Amino acid sequence: MIKIEHLTKNFNKQVVTNDLNLEIPGGKITCIIGRSGEGKSVLLKQIIGLIKPTSGHIYIDGIDITQLSSTEHEKVYEKCGYVFQFAALLDSLTIFENVGISLLENGVPENKARPIVIKKLTEVNLTEDILDKYPSELSGGMRKRVGLARTLIRDPKIILYDEPTTGLDPITSRVVHELMASMQERLKLTSIVISHDLEIFKYVDYIALLHEGKIRYFGEAKTIWESDNPYIYQFIRGLSEGPIQTESLK
Ligand SMILES: Nc1ncnc2c1ncn2[C@@H]1O[C@H](COP(=O)(O)OP(=O)(O)O)[C@@H](O)[C@H]1O
Ligand SMILES: [Mg+2]
């Protein structure tokens, strides 16, 4: 579980997160929504310790990570795990090398890395016959799976996705959403995903809406379409063109 208390982040005079409070349930997927520039990425980066808050606290499994030295911080993340979005694969490396890169860079011999890589590929429904292929030989959806296998290599307990489907076609977006959901089923990670894509609501457990530095709504994804929360209403209306077609999204 991740608990955020009174989290404020200023960049000079600009207040991005403003006394923000949020509890992110363990073992579930929480989706953070909000318009562009509201501070979603800044919030995520504070949770993973890439940006230091101006004030406030972030507890990960009871440990306040804002109070840790960078070495202690490392340790928490070794234990809790951390993951970024689907970064691009390296075209000149094989799938084995792409997925296993952090092991190989840390001196794990190839014969030890190989079974670990195969296990991670299995977790994202891929098989070992792609190990020696290059990213260009795979479909877009398979490349996303490989990217996810690479983030799983260190057995994270927390996974964070920052706009995982931005720029993808609808079919690949769906692959990514289904992958996220099936992984969640299997590994029961604590997941946080930032997204603009209303389709994602079908795949997540909770939704948190960020607006003007605070969480204005937090609730179960399955009840969001019944919500009379004005921020939710405006956000969804702002994203859809014309009348809101909620039926197809249920
Ligand atoms: N490192 C930074 N230094 C200064 N301002 C930043 C930095 N990172 C983000 N910002 C500002 O914080 C605001 C929120 O950015 P961001 O979290 O990226 O928005 P979102 O992800 O919701 O689109 C923006 O106005 C952005 O310019
Ligand atoms: Mg962002």
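**Entry: basis of the work**

I note that this is a predicted model, in which local features need pLDDT of at least 70, side-chain atom pairs count only at pLDDT 80 or more, and totals for chains, interfaces and linings use all residues. Residues are numbered from 1 along each chain as its sequence is written, and chains are lettered from A and ligands numbered from 1 in the order in which they are written.

**Entry: positive phi values**

I returned to D155 and read a phi near 50°, a positive value in a residue other than glycine. Most residues other than glycine have a negative phi. D155 counts as exposed because 10 C-beta neighbours lie inside 10 Å. For burial I used C-beta atoms placed from the backbone: a residue is buried if 20 or more others lie within 10 Å of its own, exposed if 12 or fewer, and partly exposed in between.

H6 also has a positive phi, near 50°. H6 lies in strand β1. H6 has 13 other C-beta atoms within 10 Å and is therefore partly exposed.

I recorded a further positive phi, near 45°, at E212 in the hairpin of β8 and β9, which has two residues between the strands.

**Entry: the chain as a whole**

I listed seven helices and nine strands in the protein chain. The radius of gyration is 19 Å, close to the 18 Å that the globule rule gives for 250 residues, so the chain is as compact as a globular protein of that length. The radius is taken over C-alpha atoms, and the rule is 2.2 Å times the number of residues to the power 0.38. Along its principal axes the C-alpha trace spans about 55 × 45 × 30 Å. Of the 250 residues, 33% count as buried.

I then turned to contacts, which require C-beta atoms, placed from the backbone, to lie within 7 Å. Among contacts between residues at least 6 apart in sequence, 64% join residues at least 24 apart.

**Entry: two domains**

Which residues does the domain assignment give to each domain? I read domain 1 as 2–83 + 159–249 and domain 2 as 87–155; such bounds come from an automatic or database domain assignment. The C-alpha centres of domain 1 and domain 2 lie 26 Å apart. Nine residues from domain 1 and 10 residues from domain 2 take part in the contact. On the side of domain 1 that touches domain 2, helix α6 (residues 170–187) supplies the largest share, six residues.

Is strand β7 (residues 190–194) mostly covered or uncovered? I found β7 mostly covered, with five of its five residues buried. T190, I192 and I194 point one way, whereas S191 and V193 point the other way.

I counted strands as paired if DSSP finds at least two bridges between them. Strand β3 (residues 29–33) pairs with β7 in the parallel sense over four bridges, and I32 stands opposite I194. Strand β6 (residues 158–162) is also parallel to β7, over five bridges, with Y161 and V193 as bridge partners. β6, α6 and β7 make a right-handed β-α-β unit; right-handed means that, with the strands pointing away from the viewer, the path from the first strand over the helix to the second runs clockwise.

**Entry: the antiparallel pairings**

I traced an open sheet of four strands in the order β2-β1-β4-β5, with antiparallel pairing. β2 (14–24) and β5 (63–64) stand at the edges with a single partner strand each, so one side of each is left without a neighbour in the sheet. Strand β1 (residues 2–11) joins β2 over seven bridges, and K3 is the bridge partner of E23.

Strands β8 (residues 206–211) and β9 (residues 214–220) run antiparallel and are joined by six bridges. Y206 has E220 as its bridge partner in β9.

**Entry: F218**

I placed F218 in strand β9. F218 has 17 other C-beta atoms within 10 Å and is therefore partly exposed. Not counting residues up to four places away in sequence, F218 touches L22, Y206 and A208. The C-alpha atoms of F218 and L22 are separated by 8.3 Å, although the two residues are 196 residues apart along the chain.

Conventions:
Contact = placed C-beta atoms within 7 Å.
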